[in-house]
Amino acid sequence: MSDFDNVPVNDIPEDAVILDVREDYEWVAGHADGALHIPMDQLPARLDELDPDEDLYVICRTGGRSFRAAQWLTGQGYTAINVAGGMDQWLEAGKPLVSDNGLKPIVL
């Protein structure tokens with residue numbers, strides 16, 4: 001049992017802070033417009049970039065890394081919500097993607 005919530009992509013509020021914890025190459029290929037990108041292994045060093053008063057919707061490709069990141073963030077006093085199914089479900093739900101490489105956005 002986790003001490004944080006898991007939500008499907010369709011339950012993410014429109015004004016939510018989405019924290020993408022995937023690697024740089026995954027982010028560049030395709031991500032949610034407006035999301036914040038901090039790879040999971042950089043979270044401890046970049047924790048001050050996050051607002052402890054905001055709900056963070058944590059996403060990765062399938063939900064495993066985001067689950068661990070949400071668990072860790074919760075332990076640090078943040079309100080972290082794991083996005084179940086990750087970017088794979090984001091894509092399947094038809095949510096918009098953008099890329100940083102000038103190519104059609106994809107989920108890696």
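I began with a definition: two strands pair if DSSP finds at least two bridges between them. Helices (H or I, at least four residues) and strands (E, at least two) are DSSP runs, numbered from the N terminus.

I noted that this is a predicted model, in which local features need pLDDT of at least 70 and side-chain atom pairs count only at pLDDT 80 or more, while totals for chains, interfaces and linings use all residues. Residues are numbered from 1 along each chain as its sequence is written, and side-chain values use heavy atoms, without hydrogens and water.

**Sheet.** I looked up the strand order and found an open sheet of five strands, S1-S5-S4-S2-S3, with parallel pairing. Strand S1 (6-8) and strand S3 (36-37) are the edge strands, since each pairs on one side only.

**Around S5.** I found four bridges between S4 and strand S5 (residues 79-84), which run parallel. Leu56 has Ala80 in S5 as its bridge partner, and Asp55 has Thr79 in S5. S1 also pairs with S5 in the parallel sense, over three bridges. Val7 stands opposite Val83 in S5.

I then checked Asp51, which lies in the loop between helix H2 (43-46) and strand S4 (55-59). Is Asp51 buried, partly exposed or exposed? Its relative accessible area is 33%, so Asp51 is partly exposed (buried is under 20%, exposed over 50%, partly exposed in between, with a 1.4 Å probe and protein chains only). Asp51, Asp53, Glu54 and Asp55 gather in a surface patch of negative charge.

Note on methods:
Patches are made of residues with over 30% relative accessible area and no salt bridge: like charges are joined within 9 Å, nonpolar side chains (Val, Leu, Ile, Met, Phe, Trp, Tyr) within 5 Å. Accessible areas come from the Shrake-Rupley method with a 1.4 Å probe; for residues, only the protein chains shown count as cover. A salt bridge is a side-chain nitrogen of Lys or Arg within 4 Å of a carboxyl oxygen of Asp or Glu. Lys and Arg count as positive and Asp and Glu as negative; His and the chain ends are not counted. The place of a charge is taken as NZ of Lys, CZ of Arg, CG of Asp or CD of Glu.
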